[in-house]
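Here's a quick briefing for anyone meeting this structure for the first time. Have a look at the sequence and the model, then read on.

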Amino acid sequence: MKRRKAIGRILLIGGGSIAAYSGYKWWDWNKGPDIEYLEHNKDLLAALAEAIIPTTDSPGAKEAGVGDFITVMVKDCTDRKSQNKFIDGLKELERYCSSSFGNTFQQCSVKEQKQTLQHFEQRGKSNNGIIGKVENRFFGKSFFATLKNYTTEGYCTSEAGATKGLSYLYIPGKYIGCMPLQPGQKSWATH
Amino acid sequence: MGDPKQANQNITANLPHSFDAIVVGSGISGGWAAKELCEKGLKTLVLERGRNVEHVKDYTTAFMHPWQFPHRLNNTIKFIEENPVQSFACNEANKHFFVSDKEHPYIQEKPFVWVRGYQVGGRSLTWGRQCYRLSDLDFEANLKEGIAVDWPIRYRDIAPWYDYVENFAGISGKAEGLAHLPDGQFLPPMDMTCVEDYFSKKIREHFTDRIVTIGRVANLTKGWNGRGPCQFRNLCDRGCPFSGYFSSNAATLPAAAATHNMTLLTDSIVVEVIFDEQKNKAAGVRVMDAHTKKVTEYFAKIIFLNASTVATAAILLSSVSKKFPDGLGNSSGQVGHNLMDHFLGAGGQGEYDGFADQYYYGRRPNGVYIPRFRNINEETKRKDYVRGFGYQGMGVRMEWRANAQADGFGENYKKDILSPGPWTMWMNAWGETLPYFDNRVTLDVDKKDGWGLPLIRINFEYHDNEKAMRKDVKESAGEMLRQTGFNNVQTFDYDIPGGAAVHEMGTVRMGRDPKTSVLNGFNQMHDVKNVFITDGSCMTSAGCQNPSLTYMALTARACDYAVSELKKGNI
């Protein structure tokens, strides 16, 4: 039933007028992304990922190498508009931390980091339903949505995340369709 | 069983050019033709246009962990741009079993995704493995409804051959006693999850006309003919190092090779079938080396075309002679027409409150199946469409991909994504598409591919019958989920292009009358008696069942007939 994935991948093709936006905006969204900036800010990415998935009794996103994964994904698997939104968002986040707290994100307290992420989560909220999907298609995904998606995916598919955060079966050898949930049972890492 | 030995390209000069039989294509039906013909003692040349894929050895990603893939199975933007069609179906772990769209272009007159795997084993490496028999409900449908032409066979003709191929391949499933979805020779069925079992029981309570059964699938639930068992990794489409599912590479080609009657030539593109005007028979095939482009001719007494539905039609259309100016065996003018695919992309899903303390172990490469329940008899007759659909679905707990939709971050968010989420039941229909004359494959008169062969044009669209059925698919999915106690039920109907089910069929159809069909009841060309075609192109109608099992049975049956005719001196 692999086609389920294929179906999920099908983009909603909707009408949506870009004419109302200025030429500058169009250029701004479609410009060549500043990938170098990403490469130079892996520590920032790792810190952001760690704030989303922190170390608890299991490894956090930093140990799982999620910062590097985000860089790879933004570079290779992200459309131009979402790339720009992400990199611009990252720069804006740096400015926000600097003006609000006089610090880099990494140097901020846990409370300040939380406030920062809440600020960007709120701003990045897309409209629900079809309008939201059309927005994402034409204008790219929000900075925070991209950050959180890649952090989660990077963590759950990493060795640390899959084997210590989640529960990973390499070669199950058998299938049991229905069995009691074991105490402390984590979700399976792969399906 | 040994691995099929590939004839080295360097020694083709020394190869005999005459064989008893030639099989074009090594996918799911070509593999069967190779096995049957070789086991019956025929010296058989198997031609594959793609590279060799040696069983186990060439499954390069089969043992890799998710974190060993740089993009964790995602396709890159560059790959998607270069492969807009194949990227629809493949991922970072199995893309080496799909063609490059750039190297293998075709023309879509209307959107149609043509998913291909040019290699030894073809798409049998990456197929969905669902196996369902057709029944007389399917074989009689065209005749009863006056659509297209009548199938030249009935269920009794193919039933023993279903038994035969199932016994070799190994199909797990559960007997249900349905006349319109006949039971087969099954290995033990796989388990249902708690919520699937619940759904199945409730469906039987609420609906007298339908059931939910475990999928019938070509994965081995016990060791079988030296293969398997399935290890429940659900990584089948990377190739299985345990031979846990049926593929040409794991099963039929090794059996053919074991006879020492098979010569397998890879990187060999069949350009055309050579027609002998004097003998009124096919003499052989003209083959182009995919790398050197050198053309060689091979000759045989019988030829099986198993290049896949679209490619087989293209080979016939390219095989022009004085007697067949419109393509080999095309006196009916039907070659290339009546292209079908199952439609998919409509269905529903819902959540279930309950079984919070239940889970499952292992990764089942299979789902559940709701066999067709429309237009089975007078009581289930629809006014708005003919034929029907079957749902494939699964009931599992949501995992991190779905749980990540929740708001927030930090410790609570982490806990959410690491814990099993609510149970959901998801179902999507595979629906029957009627054979329409205008849905067709043709050759472009000007444009050529990298081998100088005419580009294939595909013109395909769904009609009102499919559209009306989709509506019912969506509504019925919602109704079934709601009536059986699911919450947050959502139904969907995505506009998915033809070809997406990867069930192309019908371009060289079987029929009783040479004036309106290309093949007879034994998959033998009406016009050219020593050519047999047993891939999806032979299908007279599509049914709604996943079709590969039927190709296998028709192939074994046609081989039996062909060899007996050969021995009698009739061909």
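By class, the residues lining the largest cavity come out as 7 nonpolar, 4 polar and 1 charged. Here Ala, Val, Leu, Ile, Met, Phe, Trp, Tyr, Cys and Pro count as nonpolar, Asp, Glu, Lys and Arg as charged, and the others, Gly among them, as polar. Keep in mind that this is a predicted model, where local features need pLDDT of at least 70, side-chain atom pairs count only at pLDDT 80 or more, and totals for chains, interfaces and linings use all residues. Residues are numbered from 1 along each chain as its sequence is written, chains are lettered from A and ligands numbered from 1 in the order in which they are written, and side-chain values use heavy atoms, with hydrogens and water left out.

**Cavities**

- The largest cavity has a volume of about 90 Å³, and a search of the whole structure turns up 3 cavities of 30 Å³ or more.
- A cavity is a set of points, on a 1 Å grid over the protein atoms alone, where a 1.4 Å probe fits but cannot get out; lining residues have an atom within 4 Å of a point.
- Grid points are joined across faces, edges and corners, and the volume is the space filled by probe spheres set on the points.
- Among the lining residues of the largest cavity are Asn219(B), Phe232(B), Arg233(B), Cys236(B), Cys240(B) and Tyr245(B).

**Cysteines**

- How many disulfides does the structure hold over all chains? There is 1, counting a disulfide as a pair of cysteine sulfur atoms within 2.5 Å.
- Cys178(A) and Cys194(B) are the partners, with their sulfur atoms 2.0 Å apart.
- Cys178(A) sits in strand 1 (residues 176-180) of chain A and Cys194(B) in helix 6 (residues 194-206) of chain B, so the pair joins two chains.
- Helices (H or I, at least four residues) and strands (E, at least two) are DSSP runs, numbered from the N terminus.
- The torsion about the S-S bond of Cys178(A) and Cys194(B) is about 105 degrees, so this disulfide is right-handed.
- Cys178(A) is partly exposed at 37% relative accessible area, while Cys194(B) is buried at 4%.
- Buried means under 20% relative accessible area, exposed over 50%, and partly exposed in between (1.4 Å probe, protein chains only).

**Chain A**

- Chain A has 10 helices and 1 strand, and buried residues make up 46% of its 191 residues.
- In helix 4 (residues 42-52) of chain A, 9 of the 11 residues are buried, so this helix is largely enclosed by the rest of the structure.
- The buried residues of helix 4 of chain A, including Leu44(A), Glu50(A) and Ile52(A), pack against elements that include helix 5 (66-76) of chain A and helix 10 (411-418) of chain B, with contact meaning heavy atoms within 4.5 Å.

**Helix 11 of chain B**

- The 20 residues of helix 11 (residues 464-483) of chain B should span 28 Å at 1.5 Å a residue, and the end C-alpha atoms are 28 Å apart, which agrees.
- That expected span is 1.5 Å times one less than the number of residues.
- Just after helix 11 of chain B, Gly485(B) takes a positive phi of about 95 degrees.

Conventions
1 Å grid on protein atoms, 1.4 Å probe; cavity = no way out; pocket = protein on both sides within 12 Å on 5 of 7 lines; lining within 4 Å.
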